[in-house]
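Here is a walk through one protein model, from its inner space out to a few residues on its helices. Have the structure open as you read.

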Amino acid sequence: GIGVQKKMKLNAKHMEEAQLHFVVITASTPTQANCYRTLVQTRVDNGLYPSSLAFRFYCDPPEGRVGSGGGTLLALKSLLDEEAGNISEQAPAVFEAAASDFFSAHCILVLHAGGESRRLPCYVPEGKLFAPLDMSSESHFPPVVLDVLLTLYINYPWKRGETILASGDVITHFDTQL
């Protein structure tokens, strides 16, 4: 595996010029989404994440789990409805045009973080996305998976209109300078 060798330098100033507009985090339940919201807001309030980065939290419908594919579609529809004024109730042509305009104008990271953490039961309350990592940090917060993912995706060379889907329990690594 890839080890993280250097000290993590994640802070709001480092990310202020990010091209990323929305970080959408999916959850299994409303309770889990609220927990994520609280944990992220604490990091924003303490300067670890920029206040200009819009975080959104969406969960599976009350009828039950919909999986990553269904979760992606529901989360993007919810984001669109929130940001563009509930356009999904419009005529199909109006909806398609508004959806195209919205998604082509924004860079969106969707992190699938819902689940029961069966493989890591000690992280069930806060979820895998907030599992602590054994690495040094300049922050007074212990580093968690989300910190590393945001550091990577903030530095990604975004192009307007891109949406990236990622798993909240997998730390990927790639060269963001390409």
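**The cavity**

With that numbering in hand, let's start with the empty space. Rolling a probe the size of a water molecule over the atoms shows where empty space is left. In this model the count comes to one cavity of 30 Å³ or more, and about 30 Å³ of space lies in the largest cavity. Which residues line the largest cavity? They are T26, A27, Y58, C59, D60, G71, L74 and A75. Three elements, β1 (22–27), β2 (54–59) and α3 (67–84), each supply at least two residues of that lining. The largest share, three residues, comes from α3.

Stepping back, the protein chain has five helices and four strands. Along the sequence they follow the pattern α-β-α-β-α-α-β-α-β. Of the contacts in the protein chain with a separation of 6 or more, 67% are between residues 24 or more positions apart. Of its 178 residues, 40% count as buried.

How confident is the predictor? The protein chain averages a pLDDT of 82, and 81% of the residues score at least 70. Residues 1–8 are another story: pLDDT stays under 50 there, and the model has 14 contacts for them beyond four places in sequence. Where pLDDT is low, the predicted coordinates should not be read in detail.

Now for the greasy part. In soluble globular proteins, nonpolar side chains tend to be buried together. In this model the largest nonpolar core has 32 residues, and those with the most contacts inside it are V23, I25, V40, F55, L109, L111 and L146. At least two residues of this core come from each of β1, α2 (30–45), β2, β3 (108–112), α5 (145–154) and β4 (163–167). The top contributor to this core is α5, which gives the most, with seven residues. Apart from this core lies another one, of 13 residues, among them A54, L79, F102 and I108.

L109 makes a handy place to look around. Leaving aside its neighbours within four places in sequence, L109 is in contact with L20, F22, V23, V24, L150, Y153, W158, I164 and A166.

What about α5 itself: is this helix enclosed or open? Nine of the 10 residues of α5 are buried, so α5 is largely enclosed by the rest of the structure. The buried ones are V145, L146, D147, V148, L149, L150, L152, Y153 and I154. Note that D147 is in that set too.

| Residue | Relative accessible area | C-alpha to C-alpha distance |
|---|---|---|
| E82 | 47% | 9.7 Å to R56 |
| S104 | 43% | 9.6 Å to K159 |
| F95 | 28% | 10.0 Å to L80 |

E82 counts as partly exposed because its relative accessible area is 47%. Not counting residues up to four places away, E82 touches R56 and Y58. Y58 is also one of the residues lining the largest cavity.

S104 is partly exposed as well, at 43% relative accessibility. K159 is 55 residues from S104 along the chain. Which residues does S104 touch, not counting those up to four places away in sequence? The contacts are R160 and G161.

F95 has a relative accessible area of 28%, so this residue too is partly exposed. F95 and L80 are 15 residues apart in sequence. Once neighbours within four places are left aside, F95 is in contact with L80, I87, S88 and Q90.

Methods. Residues numbered from 1 in each chain as written. Predicted model: local features only at pLDDT ≥ 70, side-chain atom pairs only at ≥ 80, totals over all residues. Heavy atoms only, no water. 1 Å grid on protein atoms, 1.4 Å probe; cavity = no way out; pocket = protein on both sides within 12 Å on 5 of 7 lines; lining within 4 Å. Points joined across faces, edges and corners; volume = space filled by probe spheres on them. pLDDT = per-residue confidence, 0-100. Contact = heavy atoms within 4.5 Å. Core = buried A, V, L, I, M, F, W, Y, C linked by side-chain atoms within 4.5 Å. Buried < 20%, exposed > 50% of the residue type's maximum accessible area, 1.4 Å probe, protein only.
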